[in-house]
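Welcome! Please take a moment with the sequence and the model below, and then let us walk through them together.

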Amino acid sequence: MGPFFDLHCHMLCGVDDGAQDQETMFAMLEAAYADGIRAICLTPHFSPYLFGETYEQSEAAFAELQEYVAQHHPDMYLFIGHELGYHSGCLPALEDGRCRTIAGSRYVLVDFPEKVNFFELSNAMNQLRSMGFHTILAHTERYRCLFQHFNWIREYVEEGGIVQINASSFDGAWGTIAKMQWKKLIKEGLVHIISTDAHNLTTRPPKMSVCMDYLRKHCDPETIEMLTWENAWRVVEDRNL
Ligand SMILES: [Fe+2]
């Protein structure tokens, strides 16, 4: 299956709650490759209050993974970014580069706690956009406040905001409501990018293929290619979607 582009995953080892050692990192890369993934942006959490500052460690792990890929899978493309866990005082880190954008582009992958307040989420996204960033809302299907404020997602997309959803939420990995929200977002044409948000080999593996049967039934081939490949390329190449 594939090829797929996984724009959001936690494969780099020893930097967050993703892969904990090099062996797991390489095994996750193999699992992704077997699933048909041929391009990956590594997006460790930028949440210093949870994981500390891990910029150098993530650079080192990325170099190890690049070397592994060059030896074993030269047809795999790798990029690096961060997943910004939005918190008060996080903006200077984006401006001074401690928190990476996606592959050095204007696009920032932004994450909030599942129970974030609606006004906090919407204000944060507005603020980032007013600073000139293009925002990618990570796993949009999971935020409870957006179950009630679905219209905000429409407005956000109309204003140029990017919506990412996790492949695994399709089959209920994040609960029934997130699964319903996932399908509603697809049905309404509000999704730009599907990614794995993989953290390990077992409970959160790097698999894009889990939702492909559903997508084939409900979307045309061109849309599927945009969601699983093309739009992610536009992001890393800093083009408009
Ligand atoms: Fe993530």
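A residue counts as buried if 20 or more other C-beta atoms lie within 10 Å of its own, as exposed if 12 or fewer do, and as partly exposed in between, with C-beta atoms placed from the backbone. This is a predicted model, in which local features need pLDDT of at least 70 and side-chain atom pairs count only at pLDDT 80 or more, while totals for chains, interfaces and linings use all residues. Residue numbers start from 1 along each chain as its sequence is written.

Let us begin with the whole chain. Its secondary structure comes to 10 helices and nine strands; helices (H or I, at least four residues) and strands (E, at least two) are DSSP runs, numbered from the N terminus. Of the 241 residues, 42% are buried. The C-alpha atoms fill a box of roughly 45 × 45 × 30 Å along the principal axes.

Next comes the sheet. Six strands form an open sheet with parallel pairing, in the order S3-S5-S6-S7-S8-S9. At its edges are S3 and S9, each pairing on one side only. Two strands pair if DSSP finds at least two bridges between them; S5 and S6 pair over three bridges, and glutamate 83 stands opposite leucine 109 in S6.

Here are some of the elements with their residue ranges.

| Element | Residues |
|---|---|
| Strand S3 | 45–46 |
| Strand S5 | 83–85 |
| Strand S6 | 107–111 |
| Strand S7 | 134–137 |
| Strand S9 | 193–195 |

Now for helix H5 (residues 118–130). Which residues of H5 are buried? They are Leu121, Ala124, Met125 and Leu128. These cover an arc of only 95 degrees around the axis, so they sit on the same side of H5; the arc is that of the directions from the helix axis to the C-beta atoms. Exposed residues Phe119, Asn123 and Ser130 are on the face turned away from that buried side. What covers the buried residues includes S6, S7, helix H6 (145–148) and helix H7 (150–158). After H5 comes glycine 132, with a positive phi near 100 degrees.

Finally, look at valine 110. Leaving aside neighbours within four places in sequence, valine 110 is in contact (C-beta atoms, placed from the backbone, within 7 Å) with residues including Leu84, Met125, Leu128 and Ile136.

Key
Two residues are in contact if their C-beta atoms, placed from the backbone, lie within 7 Å.
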